[in-house]
Amino acid sequence: MLSCERTTDRKLNFFIETVRPKDTVQCYRVRWEELSPDIPVEHAMTYKFAHWYGGALSAIQHWPISLSGQQAPKPFVTSDIISNRNEFGGILESYWLSSNATAIKINNSVPFHLGWNDTERTMYFQARYNDSPFKPSPGEAPCAELSYRVCVGLDITSMHKYMVRRYFTKPNKVPAKAMFRHPMWSTWALHKTDIDQEKLLAYAANIRKYGFNCSHLELDDRYSRRYGEFQFDPVKFPNASAMFQKLKTDKFLVSLWTHPFVNYDSDNFHTCVERGLFVMEPMGGLPALVRWWNGIGGILDFTNQEARDWFASHLRLLRSKYGISSFKFDAGETNYLPWKFSTRNHIRDPSTFTRRYTEMAIPYNDRAELRSGYQSQNISCFFRPIDRDSVWGYEMGLKSLIPTVLTISILGYQFILPDMIGGNAYRNRTDGNGVLPDRELYIRWLELSAFMPSMQFSIPPWEYDNEVVEIARKYTALHESLVAPRVLELAGEVLDTGDPIIRPLWWIATGDETAYKSDSQFLIGDDLMVAPVLEPGKQERDIYLPAGRWRSYKGERFDIKEPLHLTDYPVDLDEIAYFLWV
């Protein structure tokens with residue numbers, strides 16, 4: 001052990017300790033604890049000599065991580081990157097992995113801030129309480145401690161397997177098999193908040209009319225009169241009971257959108273204030289009003305058991321009254337908390353709030369959907385990246401999908417819902433005619449989604465033409481016959497190993513520079529490689545084949561002892577290139 005207890009001007013605790021090697025992995029514990037309050041601790045780490053993965057989702061997602069500009073260390077906490085595009089995303093873990101088989105795991109107790117300087121190719125790990133939403137425990141001096149482990153192994157894949165088994169929780173069950181086999185259908189991108197009883201029933205009828213399967217129908221925002229209420233708007237849904245009975249008769253399961261907010265004009269707002277169910281101002285005397293994308297209100301305090309019980313009771317009532325199968329749990333990120341706040345039970349790390357919110361999905365995890373996660377791998381439900389824009393690029397577009405899914409996988413979340421096919425068709429963030437996503441974009445998105453663990457439609461294929469409908473039928477059938485059986489087998493293994501279902505190419509090609517940088521191909525397990533077309537106007541693409549014996553979807557065989565680059569490989573508009581290990 002190397003240790004130090006004093007600098008020239010103050011006392012501190014610092015040590016680097018070698019941990020007894022395990023298998024082929026050597027780890028080092030690093031700890032620097034300031035004994036004087038309000039002094040930050042910062043370590044600089046170069047990323048010049050390797051490719052790095054992990055950390056957090058971001059609005060512009062690359063694989064491997066690509067940092068730009070200079071950023072002073074900022075709180076490493078979950079955020080909504082639709083409204084805060086320069087912040088860290090809603091799924092986040094303080095874990096990084098590099099191509100030189102080095103892994104770093106920051107201890108959960110650290111008030112962790114992350115910064116970088118791309119010119120110097122340096123990241124800055126910082127611990128501090130000053131000017132930060134992190135808070136020491138009551139009665140504890142704000143003395144920062146930066147502690148983490150650095151582990152080094154033989155190769156990146158075995159290194160990651162070691163870290164996952166050591167530091168991540170794992171799901172304890174696999175969600176409903178139908179979620180993997182059949183697409184879910186959401187009302188959101190098609191109808192936004194202009195949904196009503198007539199439109200929902202028509203949407204369901206068209207799913208059957210055009211011959212599609214459905215794991216469940218998702219009724220999104222907005223079915224209540226005000227946000228924070230749990231009754232159906234009698235104008236938009238004049239006979240909700242009959243509507244749900246009709247859907248049940250037609251063999252549709254239905255999930256509902258929900259969120260942690262209660263707006264000030266809701267009938268429930270006064271109740272929550274009187275009972276102290278909201279996150280409070282720092283002194284604890286008044287509820288902290290927050291602004292979110294649908295207004296202003298309070299945010300439920302999920303560290304408070306009474307608030308958890310109140311929220312859960314309303315979800316149970318919806319389930320018992322209407323037969324609701326599950327819920328889409330929206331939001332949960334810490335940027336919806338005030339900069340300074342108090343909760344019933346103290347939390348040092350604001351992202352613990354995200355963890356407490358995700359726990360509300362546990363009773364519904366067969367079909368539940370979450371968009372935020374922090375130390376939430378054991379919640380055992382589907383996690384999705386935040387809403388994608390209907391564009392081609394890396395900023396929340398089609399090209400971001402593979403880097404995003406790979407990052408979520410490396411962070412330990414394996415049951416992934418890759419968001420809606422074609423994106424969300426938001427105004428001014430849609431390639432196409434301004435109403436529907438571009439037709440070619442929609443088709444390429446559909447093809448890629450067919451090779452993800454689950455599929456989700458909102459804008460339906462029949463909004464385009466018969467050819468798009470046929471392509472959609474083809475790929476939902478291929479997903480059910482080829483992809484889902486593999487994914488379900490791998491999902492069962494996740495419970496024991498935590499290994500990714502969707503894997504980067506370097507998983508089977510360690511030491512290969514091309515594999516380290518590939519962000520447009522991926523593996524399902526070890527034996528199915530996928531190479532979608534992600535560029536507009538293209539019906540060909542370059543493909544990298546790792547060494548091995550492969551058979552293409554066209555029947556071609558490749559028995560290669562070295563990696564092979566296929567240049568301008570033809571891929572028609574109704575095709576996606578994939579290769580099976582034989």
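Predicted model: local features only at pLDDT ≥ 70, side-chain atom pairs only at ≥ 80, totals over all residues.
User: How is the packing of helix 4 and helix 5 described, and what angle do they make?

Analyst: Two packed helices are described by the angle between their axes and the distance between the axes. Here helix 4 (residues 197-209) and helix 5 (residues 240-249) pack at about 0°, and their axes are 11 Å apart. Angles under 35 degrees count as roughly parallel, and these two helices are therefore roughly parallel to each other.

User: Which residues of helix 4 and helix 5 meet?

Analyst: From helix 4, Q197, L200, L201 and A204 meet A240, M243, K246 and L247 of helix 5. By class, this contact has 6 nonpolar, 1 polar and 1 charged residues.

User: In what order do the 4 strands of the open sheet lie?

Analyst: The order is 4-10-9-6, with antiparallel pairing. Strand 4 (41-46) and strand 6 (70-75) are the edge strands, each pairing on one side only. On average, neighbouring strands are turned by 15° against each other, direction ignored.

User: How many bridges join strand 4 to strand 10?

Analyst: There are 6 bridges between strand 4 and strand 10 (residues 122-127), and the two run antiparallel. M45 stands opposite M123 in strand 10.

User: Is helix 8 mostly covered or uncovered, and what covers its buried residues?

Analyst: Buried means under 20% relative accessible area. In helix 8 (residues 351-358), 7 of the 8 residues are buried, so the helix is mostly covered. The buried residues are S351, T352, F353, T354, R355, Y357 and T358. What covers them includes strand 7 (92-98), strand 14 (254-258), strand 17 (295-299), strand 18 (326-329) and strand 19 (369-370).

Definitions and conventions: Residues numbered from 1 in each chain as written. Heavy atoms only, no water. Buried < 20%, exposed > 50% of the residue type's maximum accessible area, 1.4 Å probe, protein only. Contact = heavy atoms within 4.5 Å. Axes fitted to C-alpha atoms, helices over the stretch in contact; angles between N-to-C directions. Parallel < 35°, antiparallel > 145°, perpendicular 65-115°, else oblique. Nonpolar A, V, L, I, M, F, W, Y, C, P; charged D, E, K, R; others polar. Pairing = 2+ DSSP bridges.
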